[in-house]
Amino acid sequence: QCVENLNWLIRKTGAAIVVSSSWRQLGYAGVRAILQRWGVTGDIIDITPESDIALIHQRGQEIRLWLDFSPNVKAFVILDDHNDMGPLADYLVLTSMENGLTREDVIKAADIIQGQLI
C-alpha cells in the first residue's frame, strides 16, 4: 500500500525521487534497485550526500545543500519519519513508522508541491 501511495503521488505531481535516508549507504544504484524491485514507478534521480561538514547535523541541512546545487528543482516535498528538517520543516510530511506512507500523507505532499508551483 505504501508503494501504491508513493506511485499515486508521482503520477499526480510528476515528482522524481531523491533519497536522503540512511539507505544512502547502499549507494545510488543499490537504492534505485531496491525501490524498483518494490514497484516504485517514478524516476529515482539521486541520493543526497552524507555530509562530513561538522556544522551540518540535521538531515534537513543535507537536503538544503543538495537543493542549493540543484537549481532546476521548482518544487519539493520531504517524506520522512524523522522531523530533523530545521528550516525545511514546512516541506515535511511526517510519516509514522507504524503506518508508513498513507493516503493522507501523499495528499498533503501533493498539496505542498502544487502550492510551490502557483
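A nonpolar core, in the sense used here, is a set of buried Ala, Val, Leu, Ile, Met, Phe, Trp, Tyr and Cys residues joined through side-chain atoms within 4.5 Å. Buried means under 20% relative accessible area, exposed means over 50%, and partly exposed falls in between (1.4 Å probe, protein chains only). The model you are looking at is predicted: local features need pLDDT of at least 70, side-chain atom pairs count only at pLDDT 80 or more, and totals for chains, interfaces and linings use all residues. Residues are numbered from 1 along each chain as its sequence is written, and side-chain values use heavy atoms, with hydrogens and water left out.

Let's start inside. The largest nonpolar core has 19 residues, and those touching the most other members are Leu6, Leu9, Ile17, Val19, Leu35, Val40 and Val77. Two or more residues of this core come from each of α1, β1, α2, β2 (44-47) and α4 (103-116), with α4 giving the most, 5 residues. These element names follow DSSP runs numbered from the N terminus, where helices are H or I runs of at least four residues and strands are E runs of at least two. A second, separate core of 8 residues includes Trp66, Phe76, Met85 and Leu92.

Next, the open space. A pocket is found on a 1 Å grid over the protein atoms alone, as an open set of points with protein on both sides within 12 Å along at least five of seven lines; lining residues have an atom within 4 Å of a point. Grid points are joined across faces, edges and corners, and a volume is the space filled by probe spheres (1.4 Å) set on the points. The largest pocket has a volume of about 1400 Å³. Its lining has 42 residues, and Leu6, Ile17, Val18, Val19 and Leu79 are the closest to its centre. Two or more lining residues come from each of α1 (2-13), β1 (17-19), α2 (27-38), α3 (59-68) and β3 (78-80), and α1 gives the most, with 6. By residue type, the lining divides into 28 nonpolar, 10 polar and 4 charged, where Asp, Glu, Lys and Arg count as charged, Ala, Val, Leu, Ile, Met, Phe, Trp, Tyr, Cys and Pro as nonpolar, and the others, Gly among them, as polar.

Now for the charges. Side chains of opposite charge can pair when their charged atoms come close. With a salt bridge taken as a side-chain nitrogen of Lys or Arg within 4 Å of a carboxyl oxygen of Asp or Glu, the count comes to 3. In one of them, Glu62 meets Arg24 at 2.8 Å, N to O. Glu62 lies in helix α3 and Arg24 in the loop between β1 and α2, so this pair ties together parts that are 38 residues apart in sequence. Glu62 is buried at 10% relative accessibility, and Arg24 is buried at 9%.

Asp80 and Arg59 form another salt bridge, at 2.6 Å, N to O. Here strand β3 holds Asp80 and helix α3 holds Arg59, so the pair links parts 21 residues apart in sequence. Asp80 is buried at 7% relative accessible area, as is Arg59 at 15%. Arg64 and Asp68 also pair, at 3.2 Å, N to O; both lie in helix α3, 4 residues apart, about one turn of the helix.
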